[in-house]
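Subject: Structure handover

Hello,

Here is the structure for you to look at. My notes follow below it.

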Amino acid sequence: MTKEQEFFIELLSSHINGYIPKPQENIDWKEIFDLSNKHNVTAIVATQIKLLPESSRVQGKGKSYFNQFLGKTLQSYDEKIEAYNFFVKTLSENGIKHLIVKGAVLRDIYPVKELRTSGDTDVVIQKQDYEKCKEILLSNGFTLSQDTGEELDMYYNDQYFEISNTFEYINDETKQFFENPFDEKLSYCEEYT
């Protein structure tokens with residue numbers, strides 16, 4: 001493992017565990033940026049770099065790249081949240097039960113949720129609501145990218161929503177829990193207001 005790879009891990013660890021990262025000398029900041037970009041954590045790394053002593057931080061163009069990426073991530077977060085809230089409100093107001101899964105709900109457990117990047121919002125709806133959901137979203141400004149009969153891929157203000165009427169990759173051990181996610185005996189439902 002290179003010094004830069006170790007430092008990259010140190011920066012991520014310091015963010016997750018809430019401590020100031022240990023400075024390193026003679027770091028190849030381009031490699032740190034490339035690693036950050038490859039793993040979609042550039043905004044997190046940029047935030048942690050700001051905690052380093054001034055003499056240990058990236059300088060010049062590298063500093064500008066990290067700062068620009070951080071700014072774009074924060075701006076993108078605001079756009080995602082606005083689209084997400086409109087999506088949830090639209091489904092809720094039209095009586096479509098839905099379950100948000102994966103990253104969109106996990107962001108709330110991140111140390112700084114605004115830095116959690118994602119490409120889409122994954123949603124499960126009831127099979128009987130599939131066509132109704134599609135029509136309601138289309139009439140509220142969403143655009144359809146794909147309709148497989150089991151999954152709708154839709155956009156709203158450049159935000160991507162993957163809406164499925166079933167869970168993928170259910171095995172025999174977990175089938176009892178995921179076969180009917182809207183069974184009130186098996187799940188907890190939080191009402192949106």
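How many of the five residues of strand β2 (residues 121–125) are buried? Five of the five are, so β2 is largely enclosed by the rest of the structure. Buried means under 20% relative accessible area, exposed means over 50%, and partly exposed lies in between (1.4 Å probe, protein chains only).

**Ground rules**

This is a predicted model: local features need pLDDT of at least 70, side-chain atom pairs count only at pLDDT 80 or more, and totals for chains, interfaces and linings use all residues. Residues are numbered from 1 along each chain as its sequence is written, and side-chain values use heavy atoms, with hydrogens and water left out.

**Overall layout**

The protein chain has seven helices and five strands. Both kinds of element are DSSP runs numbered from the N terminus: helices are H or I with at least four residues, strands are E with at least two. From the N terminus on, the order is α-α-α-α-β-α-β-α-β-β-β-α. Of the 193 residues, 39% count as buried.

**Strands**

Back to β2. Both of its faces are covered. Thr121, Val123 and Ile125 are buried on one side, and Asp122 and Val124 are buried on the other.

Two strands pair if DSSP finds at least two bridges between them. With strand β1 (residues 98–101), β2 pairs in the antiparallel sense over four bridges. There, leucine 99 stands opposite valine 124. With β5, β2 pairs in the parallel sense, again over four bridges. Threonine 121 stands opposite phenylalanine 161 in β5.

Now β4. Five of its six residues are buried, so β4 is also largely enclosed by the rest of the structure. Strand β3 (residues 143–147) pairs with strand β4 (residues 151–156) in the antiparallel sense over four bridges. Glutamine 146 stands opposite aspartate 153, and threonine 143 has tyrosine 155 as its bridge partner. β3 and β4 form a hairpin with three residues between them. Glycine 149 in that turn has a positive phi of about 95°.

β4 also pairs with β5, antiparallel, over six bridges.

**Helix α1**

How far apart are the end C-alpha atoms of helix α1 (residues 3–17)? They are 21 Å apart. At 1.5 Å a residue, its 15 residues should span 21 Å, which agrees. The expected span is 1.5 Å times one less than the number of residues.

Glu4, Phe7, Phe8, Glu10, Leu11, Ser14 and His15 of α1 are buried. They cover an arc of only 160° around the axis, which puts them on the same side of α1. The arc is taken from the directions from the helix axis to the C-beta atoms. On the other side, Ile16 and Asn17 are exposed.

**Loops**

Most residues other than glycine have a negative phi. Two loop asparagines deserve a look here. Asparagine 26, in the loop between α1 and α2 (29–38), has a positive phi of about 55°. At 69% relative accessibility, asparagine 26 is exposed. Asparagine 40, in the loop between α2 and α3 (42–49), has a positive phi of about 60°. At 39%, asparagine 40 is partly exposed.

Glycine 95 sits in the loop between α4 and β1. Glycine 95 is exposed, with a relative accessible area of 52%. Aspartate 129 is 34 residues away from glycine 95 in sequence and 9.2 Å away in space, C-alpha to C-alpha.

**Cavity**

A search of the whole structure finds one cavity of 30 Å³ or more. The volume of the largest cavity is about 70 Å³. Of its 11 lining residues, the closest to the centre are Lys80, Ser118, Asp120, Thr121 and Gln159. A cavity is a set of points on a 1 Å grid over the protein atoms alone where a 1.4 Å probe fits but cannot get out; lining residues have an atom within 4 Å of a point. Points are joined across faces, edges and corners, and the volume is the space filled by probe spheres set on them.

α4 (60–93) and β5 (159–164) each supply at least two lining residues.

Best wishes

Definitions and conventions. On a 1 Å grid over the protein atoms alone, a cavity is a set of points where a 1.4 Å probe fits but cannot get out, and a pocket is an open set with protein on both sides within 12 Å along at least five of seven lines; lining residues have an atom within 4 Å of a point.
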